Amino acid sequence: MIILTQKEAQSILKGEKRGSAFVSLDLGKTKTEVKIENGEVFLEETKVSLKELNKAKEHTCYTVENGELKSIELFSPETNLYYKLWFEKDWPTVMLSSVPMHRWKNTTPKNHALSIVNEIHPVKGRVLDTCCGLGYTATIAAKNGAESVDTFERDENVLAIAKYNPWSSELFLGARIKIHPEDVLDGIKKFSDKTFDRIIHDPPTPSFSPELYEAKFYENLFRVLKNRGILYHYCPAPGKTKGKEFWVGVKRKLEEAGFSNVSYHERSSGIRALKK
């Protein structure tokens with residue numbers, strides 16, 4: 001599938017005089033040479049006019065259908081949310097209405113995901129990834145030592161967007177990854193005690209999913225984690241500009257659930273905890 005951004009569209013426009021351009025059609029995974037002739041650019045088995053490429057907007061990801069740019073976005077009347085694949089620096093994120101699913105201030109979506117998986121080093125055994133999203137932490141964990149990864153995504157719209165994302169392809173192709181299309185609140189109850197060696201909990205902001213920050217859910221995370229297992233809990237920073245530290249309350253709840261060595265890591269903006 002061809003995916004274009006404004007950056008690649010501009011590179012093609014600049015190549016008009018040369019009759020070709022060397023660009024990426026998969027958000028930076030690979031590069032290829034495309035031919036430009038008579039005001040049209042030939043993209044593999046399809047083509048699009050240079051005039052159409054002038055419509056490309058910053059951060060938006062596009063496919064090409066019937067010679068037209070089509071932005072990768074959708075609206076769901078069920079959730080009342082607007083979903084958009086949003087390109088930012090290296091890997092894209094998903095915007096839920098106006099809220100991004102990944103950090104990018106002072107970092108990038110790719111580095112954000114890498115920093116999270118690094119917090120459960122050494123990655124080994126069976127890993128629980130509570131909130132799939134675009135699947136970055138699940139695929140990185142599967143590449144870096146996990147025997148298997150169980151990841152949950154309750155929103156089918158997010159998975160629909162992920163299928164367009166070249167950097168999410170291994171989520172659907174990787175033999176070590178199992179996607180559970182359901183709410184992790186329900187799914188976690190189906191696992192036996194001490195099932196997982198590592199847990200990654202990277203939930204949406206509390207405004208979207210407050211239940212994923214509650215003591216009852218933390219107790220289930222503790223239950224399914226093996227002895228000497230590691231939990232990493234990403235903590236957003238709502239209210240930080242008002243002098244409030246959201247992670248303090250999360251740390252207290254995790255300790256009350258039974259976790260030990262609970263410590264906040266500012267660099268990754270989250271909490272690492274152990275089960276002794």
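Where is the place of Lys89?

Author: First, a caution: this is a predicted model. Lys89 sits in a loop, the one between strand S8 (81-86) and strand S9 (93-96). Its backbone stands out. Phi of Lys89 is near 75°, a positive value, and the residue is not glycine. The side of the question that concerns solvent is quickly settled. Relative accessibility is 52% for Lys89, and the cut-off for exposed is over 50%, so Lys89 counts as exposed.

The setting is a strand: Arg228 is found in strand S15. Arg228 has a relative accessibility of 70%, so it too counts as exposed.

S15 spans residues 225-234 and is one of the elements that the buried residues of H3 pack against. The others are H4 and strand S14 (196-201). Which residues of H3 are buried? They are Pro109, His112, Ala113, Ile116 and Val117.

Now take the helix pair. H3 runs over residues 109-118 and H4 over residues 136-143. Their axes are 9 Å apart, and the packing angle is about 55°. Angles under 35 degrees would count as roughly parallel, and 65 to 115 as roughly perpendicular. H3 and H4 are therefore oblique to each other. The crossing of H3 past H4 is right-handed. From H3, the contact uses Pro109, Ala113, Leu114, Ile116 and Val117. From H4, it uses Tyr136, Thr137, Ile140 and Ala141. By type, the residues of this contact are 8 nonpolar and 1 polar, with no charged residue.

Past H3 comes a loop with a feature of its own. Pro122 has its place there, between H3 and strand S11 (126-129). The peptide bond that runs from His121 to Pro122 is cis. Its omega is near -5°.

H5 covers residues 156-162, and Ala162 is found in it. Ala162 has 0% relative accessibility, and under 20% is the cut-off for buried, so Ala162 counts as buried. What does Ala162 touch, not counting residues up to four places away in sequence? The partners are Gly133, Leu134, Ser168 and Phe172. One distance spans much sequence: Ala162 and Leu27 are 135 residues apart along the chain. In space, C-alpha to C-alpha, Ala162 and Leu27 are 13 Å apart.

That leaves helix H1, residues 6-14. Its buried residues are Glu8, Ala9 and Ile12. Their arc around the axis is only 100°, so they share the same side of H1. Lys7 and Lys14 lie on the other side of H1, and both are exposed.

Lys89 is an exposed residue, in the loop between S8 and S9, with a positive phi.

Methods:
Residues numbered from 1 in each chain as written. Predicted model: local features only at pLDDT ≥ 70, side-chain atom pairs only at ≥ 80, totals over all residues. Heavy atoms only, no water. Axes fitted to C-alpha atoms, helices over the stretch in contact; angles between N-to-C directions. Helix = DSSP H or I, 4+ residues; strand = E, 2+ residues; numbered from the N terminus. Parallel < 35°, antiparallel > 145°, perpendicular 65-115°, else oblique. Left-handed = near helix turned anticlockwise from the far one by under 90°. Contact = heavy atoms within 4.5 Å. Nonpolar A, V, L, I, M, F, W, Y, C, P; charged D, E, K, R; others polar. Buried < 20%, exposed > 50% of the residue type's maximum accessible area, 1.4 Å probe, protein only. Arc of directions from axis to C-beta.
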